[in-house]
Amino acid sequence: MIRYVIRRILFLIPVLIGVAFCVFTLLYLTPGDPARMILGDMATEEAIREFRVKEGLDGPFLVQFGNYIYKAVTRGDIGRSYVTKRPVLDEIMTVFPATLKLSAFAIIIAIIIGMPCGILSAIKQYSIFDTLTMIFAMVGLSMPVFWLGLLLILYFSVHLRWLPSSGFDTFRAMILPSVALSAQSISMITRMTRSSMLEVVRADYIRTARSKGQKESVVIWVHALHNALIPVVTLCGLQFGHLLAGAILTESIFAIPGVGRLMVESIKARDYPIVQGGVLFVAITFSVVNLLVDLLYAYIDPRIKAQYK
Amino acid sequence: MTDTKENAKGLLLDIQDLTIQYVTDSGTVHAVENLNLQLGHGETLGFVGETGAGKTTTALGIMRLIPSPPGVIRSGKILFEGADLLKKSEAEMRAVRGAKIAMIFQDPMTSLNPVMTVDKQIAEMIRLHRSVTDAEALNLAGDMLELVGIRRERMHDYPHQFSGGMKQRVVIAIALACDPGLLIADEPTTALDVTIQAQVLELMKKLKQQFDASMILITHDLGIVAEICDRVAIMYAGRVVEYADKHALYRRPLHPYTIGLFNSVPDLEEDKEELAVIPGLMPDPMDLPTGCTFHPRCSFATEECPVTKPDMIEAAPGHFVACPVRAAAQAGSESRGGEGQ
């Protein structure tokens, strides 16, 4: 098991170098000169040249990339913001708690609502509850998050004046963005739980459990649920990764100072180091969450655990 | 057939006129139709028929585990130890399942919960029907495993760590854990290798005697029936068409379908190019033929066969057959035999 974890962590290295390379290349090829953006239109050629030398922007592409990786690995230094001059890592770490809080809230909402809805839908297949749940899930899945966010603001903040439309300091302020962000995850978790449950309930070992004289409630909640949740746990983990990485729209709409908003603003300002660092950070977070999910997977499915040995 | 008073005394299981249907959008599947079956204490009944004949449905019907919807038990009685299982409440049925009637399923690969260790799966059964602590139940589970030939050290293993034959041994251990009066084995060896089949059958035969249980063995293998059963019921399209003592049936099969089944078993002694097969296919259970359901495939069929549903006739003592034509022929041959003496 420990060997598996170490192997998985080692696998992360090429993935992250790959991600860094892609982002680096993309930004390198993007039109627009950061030196000119930062120093302004009035800057002299000399000042621009000086900035380039200072920031290491004058070397060939591969040298620039090599330097970037070297500094990141040896010193944990992934550059400084062109705009604020603060280290990129500090910039990200200041805003990350907001994103983490938002994502955690959203995934908790999604699990609390999605799993029970999926289970009940499966148990009462073709009932009115099942039909309604599936309709809502379809709507939730198809509704773009920015549109849902705007509707929520319009109704609950502007019209009813119940909840604030922006900010992220109070619990009340967190409700709308978390709900907006969780809508798609709720839908996916509901649908996955339902289909997984429907499959498991027809399994032979469920019949075996019934043939022992076991109560239907125990059959469903112990035998069926444990098996049905295996794929759902994977989905929840993936969703959490997505939420961490993909809260950009939600953060923009609700004006939440998170990683997503930081990245959007940095792209607008051509603050390359922040964009690179941000993407790298998101990739690391996503990979780590994935690793944790895989470990959890081994914990709940003994067949997987056997493969890890 | 047998009268009710006798049932109360001698029979462990008496199924009367059992009809089970699956009601689907595309039509009603007549899975089991007016089925009658008796099983005495300590007897082993072989329940033989093709896939789709309704054997498993009957077994699940006895356990009251027919998936519903779409399954519906339309009519009939299942008298077990004199009480009608169909009249019992769900809670009363739970006390019967496992404790009095236990089932061994066809596919050991999928019959065990993959995320539960085998000792826990056996202990679950014991905890449900006996007043023991968890620790005692787990200990008894270890005993059961040893009884079916699995080392005690392996009791904390998961099903995927066992081979198919071993898994079926675990399933047998679960079924016997609470010493049931009736064991229903639904094609217990079909999914196993031939060499393993023999071992598992031998084990079941031994344990059945040791536990003094009655058994219904569902199979389509006449060889297995010959080896372990006392009586045989032949099932065709949801009905029992012949029911007799094993020796009587093997010596002189009466129903045309049974004769067809025996003819389709390859005989190495005979030098035949082709195997005799029963012409035609099993009828669509949504659209059964009128009268005797076997008449379209029967070489003995008369004009009467498509019209009247045949009743079970006692052609010889204890030998029942649902075919008036063959029953008459049997009676004829016996009376001729009597004259000749």
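## Reading loops, strands and cores

Tutor: Begin with one loop residue: B:Asp179 is found in the loop between H7 and strand S7 (182–186) of chain B. Keep in mind throughout that this is a predicted model.

Student: What phi does B:Asp179 have?

Tutor: The phi of B:Asp179 is positive, about 55°, although the residue is not a glycine. As for cover, the cut-offs are under 20% relative accessible area for buried and over 50% for exposed. B:Asp179 has a relative accessible area of 44%, so it is partly exposed.

Student: Which loop holds B:Ala237, and is the residue buried or exposed?

Tutor: B:Ala237 lies between strand S9 (231–236) and strand S10 (239–245) of chain B, in the loop that links them. Its phi is also positive, about 45°, and B:Ala237 is not a glycine either. Its relative accessibility is 5%, so B:Ala237 counts as buried.

Student: Now the strands. How should I read a sheet?

Tutor: The general idea is that strands of a sheet pair through backbone hydrogen bonds, in a parallel or an antiparallel way. Here, chain B has an open sheet of four strands in the order S2-S1-S4-S5, with antiparallel pairing.

Student: Which strands stand at the edges?

Tutor: Strand S2 (27–40) and strand S5 (83–84) of chain B do. Each has a single partner strand, so one side of each is left without a neighbour in the sheet.

Student: How many bridges pair S1(B) with S2(B)?

Tutor: Ten bridges, in the antiparallel sense. Among these pairs, B:Leu11 has B:Gly40 in S2(B) as its bridge partner.

Student: Is S1(B) mostly covered or mostly open?

Tutor: Mostly covered, as eleven of the 14 residues of S1(B) are buried. In a regular strand the side chains alternate between the two faces of the sheet.

Student: What do strands S11 and S12 of chain B show?

Tutor: Strand S11 (residues 313–316) and strand S12 (residues 319–321) of chain B form an antiparallel pair over three bridges. Across that pair, B:Glu314 stands opposite B:Phe320 in S12(B). The hairpin of S11(B) and S12(B) has two residues between the strands, and B:Gly318 in this hairpin takes a positive phi near 75°.

Student: What is B:Leu254 in contact with?

Tutor: Leaving aside neighbours within four places in sequence, B:Leu254 is in contact with B:Glu242, B:Ile259, B:Ala315, B:His319, B:Val321, B:Arg326 and B:Gln330. B:Leu254 and B:His319 are 65 residues apart in sequence, while their C-alpha atoms are 8.9 Å apart in space. The loop that holds B:Leu254 runs between helix H10 (246–251) and helix H11 (256–263) of chain B. With a relative accessible area of 1%, B:Leu254 is buried.

Student: How do I read a nonpolar core?

Tutor: In soluble globular proteins, nonpolar side chains tend to be buried together. In this model the largest nonpolar core has 58 residues, and B:Ile104, B:Ile122, B:Ile172, B:Met204, B:Ile234 and B:Tyr257 touch the most other members. Helix H7 (residues 164–176) of chain B gives the most to this core, with seven residues. Apart from it lies another core, of 39 residues, including A:Tyr68, A:Phe168, A:Phe254 and A:Leu262.

Student: Which residues is B:Tyr257 in contact with?

Tutor: With neighbours within four places in sequence left out, B:Tyr257 is in contact with B:Gly49, B:Glu50, B:Ile234, B:Met235, B:Tyr236, B:Val241, B:Ile278 and B:Phe294.

Student: How many helices and strands are there in chain A?

Tutor: Chain A has 14 helices and zero strands. Its C-alpha atoms fill a box of roughly 85 × 55 × 30 Å along the principal axes. Of its 309 residues, 44% are buried. Among contacts in chain A with a separation of 6 or more, 72% are between residues 24 or more positions apart.

Student: What can be said of the surface and the charges of chain A?

Tutor: The accessible surface of chain A is about 16,300 Å², and 69% of it belongs to carbon and sulfur atoms. Chain A carries 29 positive and 20 negative side chains, with the centres of the two sets 11 Å apart.

Methods: Residues numbered from 1 in each chain as written. Chains lettered and ligands numbered in written order. Predicted model: local features only at pLDDT ≥ 70, side-chain atom pairs only at ≥ 80, totals over all residues. Heavy atoms only, no water. Buried < 20%, exposed > 50% of the residue type's maximum accessible area, 1.4 Å probe, protein only. Contact = heavy atoms within 4.5 Å. Areas by Shrake-Rupley, 256 points an atom, 1.4 Å probe, with all protein chains shown as cover. Lys, Arg positive; Asp, Glu negative; His and termini not counted. Charge placed at Lys NZ, Arg CZ, Asp CG, Glu CD. Core = buried A, V, L, I, M, F, W, Y, C linked by side-chain atoms within 4.5 Å. Pairing = 2+ DSSP bridges.
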